[in-house]
Amino acid sequence: MSDPHAPAPQSEDYSATVLGSHWFSGPPPPADAAPDRVEGDLLRFGPGVTAALPAPFPVAAAPAPPRRRGGGWRRYTLAAVVLAGVLAYLGWQRFGPAVEVREVAVRTDPRGPGCDAAADVVAVVRTNGRPGTLRYRWLRSDGTRSEELTERVPGGRREATLHLMWTFRGTGTYPARAELQLLSPAGPTAAAEFTYTCPR
């Protein structure tokens, strides 16, 4: 009598189909079920352990560009230097040395004006280019003088032009002299001379 539990005789072409409880759930697959795939001599049925996916082809990653050391520090340093320069210039413009007078020249037509006309006496004051205010007055040879006058000099301008309009009336000849007196800042004085002539 043969043992029912004894393994069945196998031929050389026989390959086993290994099924265990961990390969499927529910009722066993029917006898005529086709295998999902064939891997060598082992057939796998139904939901089983998923075979490991083949590893993708290796892709060489491009190396990250080297980080420049100190690049950000230099950029901020340059910006700080520029900002400091601008602030220093503005501070120098506002709180730097005051306007100074370097030279004064006064001129007019030496022939003088015609009858009942005015002489235009022009003073050119050269400065150091700093902003400020000139305070001055005109002194005339007829014994009169102007009130205190002011002229605002903007920064960067190195010359200020001041005018005196001196009007004459009547006949005769009069030698005239006009002098510019600087009150603030102190500077040299200068004068121009001309002759008023009216024969009629």
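This is a predicted model: local features need pLDDT of at least 70, side-chain atom pairs count only at pLDDT 80 or more; totals for chains, interfaces and linings use all residues.

Analyst: Residues are numbered from 1 along each chain as its sequence is written, and side-chain values use heavy atoms, with hydrogens and water left out.

User: Is Val-124 buried or exposed?

Analyst: Val-124 sits in strand β4, residues 118–127. Strands are DSSP runs of E with at least two residues, numbered from the N terminus. Buried means under 20% relative accessible area, exposed over 50%, and partly exposed in between (1.4 Å probe, protein chains only). Val-124 has 7% relative accessibility, so call it buried.

User: Which cysteines form the disulfide?

Analyst: A disulfide is a pair of cysteine sulfur atoms within 2.5 Å. The structure holds one. Its sulfur atoms are 2.0 Å apart, and the partners are Cys-115 and Cys-198.

User: How many residues apart are Cys-115 and Cys-198?

Analyst: This disulfide pair links distant parts of the chain. Cys-115 is in the loop between β3 (101–107) and β4, while Cys-198 is in strand β9 (residues 190–198).

User: Why is the disulfide of Cys-115 and Cys-198 called right-handed?

Analyst: Look at the torsion about the S-S bond of Cys-115 and Cys-198. The disulfide is right-handed because that torsion is about 110°.

Technical notes:
Helices (H or I, at least four residues) and strands (E, at least two) are DSSP runs, numbered from the N terminus.
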